[in-house]
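Visitor: Hi! I've just opened this one and could use a hand finding my way around. Can we start with the loops?

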Amino acid sequence: MGGLPEYDRYDALGLAELVRAGEVTPAELAEEAIRRAEALQPVLNFLVTPLFERGRETARGTLPDGPFRGVPFLLKDILQDLAGVRTMAGSAAMEGFVPDRDAEVVRRFREAGLVIVGKTSVPELGLMGVTEPEAFGATRNPWDLSR
């Protein structure tokens with residue numbers, strides 16, 4: 001399959017149904033999500049920790065038979081610790097913090113069959129209503145790039 005042009009017409013349950021029906025593989029979904037993330041990152045500045053290779057490897061492996069089996073997913077970079085991957089919570093003060101275990105919510109995401117392909121920017125320490133952390137710069141609104 002050469003991509004999934006209609007990817008954005010599906011929600012997570014719809015994508016999982018495509019996997020269950022054998023219309024697409026988790027690896028194909030991961031590639032489509034990664035392709036789109038790479039294309040949008042220079043414009044939106046939303047991705048602080050790409051985990052593309054890890055996501056590809058996960059998608060090619062045996063996934064739990066949860067409701068979201070094979071669906072690509074981005075974690076927020078706050079309160080969603082992933083073992084061995086930095087968590088900065090949008091703050092330079094957190095540089096170097098690498099948790100040694102998954103947060104409970106991340107464990108449950110994986111149990112549901114989600115394929116983690118990266119971590120997204122957040123307001124510094126989650127304190128503001130806008131995502132403009134000094135550590136990573138402003139994240140742009142996809143519907144209005146001036147915001």
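Predicted model: local features only at pLDDT ≥ 70, side-chain atom pairs only at ≥ 80, totals over all residues.

Visitor: What is the phi of Asn 45 like, positive or negative?

Guide: Positive, at about 55°, although Asn 45 is not a glycine. Most residues other than glycine have a negative phi.

Visitor: And is Asn 45 buried, partly exposed or exposed?

Guide: Asn 45 is partly exposed, with a relative accessible area of 24%.

Visitor: Which other residue has a positive phi without being a glycine?

Guide: Leu 79 does, with a phi of about 60°. You'll find Leu 79 in the loop between β2 (72-76) and α4. Leu 79 counts as exposed, because its relative accessibility is 71% and the cut-off is over 50%.

Visitor: OK, new topic. How do α2 and α3 pack?

Guide: Their axes are 8 Å apart and the angle is about 165°. That angle is over 145 degrees, so α2 and α3 are roughly antiparallel to each other.

Visitor: What's the handedness of that crossing, left or right?

Guide: The crossing of α2 and α3 is right-handed.

Visitor: Which residues meet there?

Guide: From α2 you have Pro 26, Ala 27, Ala 30, Glu 31, Ile 34, Ala 37 and Glu 38, and from α3 they meet Phe 52, Arg 56, Ala 59 and Arg 60. By type, the contact has seven nonpolar residues, four charged ones and no polar ones.

Visitor: Let's pick Ala 59. What does it touch?

Guide: Leaving out residues up to four places away in sequence, Ala 59 touches Pro 26, Ala 27, Ala 30 and Val 115. Ala 59 is buried, with a relative accessible area of 5%.

Visitor: How far is Ala 59 from Leu 82?

Guide: Their C-alpha atoms are separated by 17 Å, and the two residues are 23 apart along the chain.

Visitor: Now the inside. Which residues touch the most other members of the largest nonpolar core?

Guide: Leu 15, Leu 29 and Leu 82 do, in a core of 19 residues. The elements giving two or more residues to this core are α1 (12-20), α2 (26-44) and α4 (104-111). The largest share, four residues, comes from α1.

Visitor: What is Leu 29 in contact with?

Guide: Setting aside neighbours within four places in sequence, Leu 29 is in contact with Leu 4, Tyr 7, Leu 15, Val 19, Val 24, Gly 70 and Pro 72.

Visitor: And which residues does the second core include?

Guide: That separate core has eleven residues, among them Ala 37, Ala 59, Leu 63 and Val 115.

Technical notes: Residues numbered from 1 in each chain as written. Heavy atoms only, no water. Core = buried A, V, L, I, M, F, W, Y, C linked by side-chain atoms within 4.5 Å. Buried < 20%, exposed > 50% of the residue type's maximum accessible area, 1.4 Å probe, protein only. Contact = heavy atoms within 4.5 Å. Axes fitted to C-alpha atoms, helices over the stretch in contact; angles between N-to-C directions. Parallel < 35°, antiparallel > 145°, perpendicular 65-115°, else oblique. Left-handed = near helix turned anticlockwise from the far one by under 90°. Nonpolar A, V, L, I, M, F, W, Y, C, P; charged D, E, K, R; others polar.
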